[in-house]
Amino acid sequence: MKLTVKDAPHIRSEDSVRSIMIDVLIALVPAVAGAALFFGWYALFLCLFGAFVAEMIEWFIVKFLRKQKDFVPDFSAAVTGVLLAMNLPPTAPWWLLLIGILIAIGVAKQAFGGIGQNIFNPALVGRVFLLISFPTLMTRWINPILSFSKSPWDVLTSATPLGVLKQQGLTQALSNFSYANLFFGNIGGCVGETSVLLLIIGFVYLFYKRRVNPIIPLTYIGTVFLLSALFYFINADKFGTPLFHILSGGLFLGALFMATDMVTSPMTLKGQAVFGLGCGLVTMIIRYFAGYPEGVSLAILLMNALTPLIDRAFKPKIFGEVKP
Amino acid sequence: MRLLTFKGGIHPPEKKELAKEEKLHYLDPPETVYVFLSNHAGAPAKCVVKENDQVKTGQVIGEPGGFISAYVHSPITGFVKKIDKLYHPIQGRPMEAVVIQKTSHDEWQYLEHSDWEDLTKEKLLEIIKKAGIVGLGGAMFPTHVKLSPPPEKKIDTFIVNAAECEPYLSVDHRLMLERSQDLILGIKIVMKILQVQRAYIGIESNKIDAYEQLKSVLNSDDIELKLLRTKYPQGAEKQLIYAINGRKVPVGGLPMDVGTVVQNVQTVIAIKEAVVDRKPLIQRGITISGEGVNKPINVVARIGTTVEELLKYAQGMKEDADRVILGGPMTGIAINRLDIPVMKGTSGITVLLKEKEYIQKACIRCTKCVSACPVGLQPYLLYLLANKRKYDDAVDEGLLSCIECGSCAYVCPSKIEHVRAIKLAKKVYQALRGGKK
């Protein structure tokens, strides 16, 4: 009889990278279904196309450029693909998504060494690259069409809630977008960012499966809420209400699914709290004072860059450690 | 009742149900035993018998080879067949062992001393030393050394480690059920040696029947039962102390630094057997379990019985058994041959079936290892530093505090071998430092 000799521990948990990524994909299903409901068949197509193309590109790079023999898809690329699709306007042409995924998987992920090695969230790198390179295509927003068969480019363009707030003030923004519509998602915006409710449902699933710690979303959204409450008292019409700020501009998509990306966020609870706080702060600075009406993507990318420093500064306390 | 515990830890499948209902079998002495002279932590014992010498059960065959060392006794009655070098599973290389062939039933050579109530603390320690008792939880540290802390360390608490947190193992559980009186008596002896007024028995909540049993025989207010949350590694010494009396053993320190001494259930029972029954340590309880054996069982076997022999009592291994482990699956040592004898620290033999092939992937920084670590380390970082051979940096990050419990590797979704890397890094670091800490 041949016995195997290995190092302890001899038993392992059932978890794998793949099972985590599959859970993330499941958690994104409600928001993707919502996208199909609000923006029609093309939104659904973008998400599926994104997942498929991302996996194909990753397979190609790993197999032929990095020449690894054993490529087993772990679906992390699919997550990136879906998230990038969810971050595009519903009118974005399919080739725009393709370029975005090439940048996300090829440059932001594989060029850094593949899964686990990337500094920046790949989907966000893809989105920001597209935002800078194709500003018109990336800001062609439409109102929800509420018809699966209708195509998005037949519809007149409109503005997003934060865009209206920035250009026309709070009164106009609130008359265009009710809080209920902001919460349920019946507003203009990116494919997967509009429905706060559906995003929360997905996140609750992830939390229930113990895949994620809610500390980053809580501190992130909390910071945005507190800061916008402060500015609300300074000038309500210019800066908007706290509720308006947390319900719009893809904050929930960013806070629940992008900022919580394991690879690019800190390792300790304290560090994660600081990370969420920083994301909130930068988001609001961009929203209030910078050229873009929305700042979630850039804020998370900036905090991604600070993650190694945060990890260094906030370490867990070693059991029995005596401070000299 | 509020269950006591520590921070971190994991919940692996307990698998205790395989063997926990099996009563202890007191096995007949085997035909041949193979007794390592290094049957304890520290210096190997010096052999005091020659080939063809007649030996009785309980006769000394090895004397301590240093301050941290222990007596070794013959587990059976017979003659010394040869003194040979055998593969030592802990040291990982051939070590000297005495091979004894059985000639008759047990003829005991007992320890000689008067009734324990009349004996002084020093004399009791001498008996424990003479009986060759070492930490039977697995560490095999000589018990008489652990029970005689330097006088400047004031000891006020004695804790019996009855957590038995390793999956599959249930021999301590059985001993508590079947030999509760012996355990209590042993505790009283240790309390006399340590001159402490307070003793605790820390039991995990999955052994509630043992808790009830001990409660029913407990006739002293000085010994208190403490129910612990069932969580791995609840039985790790420092984590156990923290759960029971909230004291944190400092980094690099010992339990005596916080006035506490911990002993395993079996060690305490062995102390009772030595002091009251005058029997040296020649046998111990072992759980033989796992999906790979036909009939899981708890036995009391002679030290030096081979794994092969013991597996017969579990009606052998299944066809597709893949891994034989000395100890439990979290910290045990996998062996690839069955002629290895059990030692004083072997608490179990766990046989596992072929598992799913795991491919190690890159770390995805999921933070599971950080929240699982009971010591508050960052296993992912230690793994990274160890692989980059940055040993000094790893030590700064707490490398030497790692208790090698395996929680990080257990939870890791990328199946990273943190523990292997950390063990190696510790060895290399200490070698580079010339053995000095």
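Which residue in the turn of the hairpin formed by E7(B) and E8(B) has a positive phi? Gly92(B) does, at about 75 degrees, and 4 residues lie between the two strands.

## Model and confidence

This is a predicted model, in which local features need pLDDT of at least 70 and side-chain atom pairs count only at pLDDT 80 or more, while totals for chains, interfaces and linings use all residues. Residues are numbered from 1 along each chain as its sequence is written, and chains are lettered from A and ligands numbered from 1 in the order in which they are written.

Chain B has an average pLDDT (the predictor's confidence in each residue, from 0 to 100) of 93, with 99% of the residues at 70 or above. For the complex, the predictor gives an ipTM of 0.90 and a pTM of 0.91.

## Strands of chain B

Helices (H or I, at least four residues) and strands (E, at least two) are DSSP runs, numbered from the N terminus. Two strands pair if DSSP finds at least two bridges between them.

Strand E7 (residues 78-88) of chain B pairs in the antiparallel sense with strand E4 (residues 54-55) over 2 bridges, and with strand E8 (residues 93-102) over 10 bridges. Phe79(B) of E7(B) stands opposite Gln54(B), and its bridge partner in E8(B) is Gln101(B).

## Helix H3 of chain B

Of the 8 residues of helix H3 (residues 171-178) of chain B, 6 are buried (20 or more other C-beta atoms within 10 Å of the residue's own, with C-beta atoms placed from the backbone). Among them are His173(B) and Leu175(B).

## Contact between the chains

The contact (C-beta atoms, placed from the backbone, within 7 Å) takes 31 residues from chain A and 46 from chain B.

Technical notes: Contact = placed C-beta atoms within 7 Å. Buried ≥ 20, exposed ≤ 12 C-beta atoms within 10 Å, placed from the backbone.
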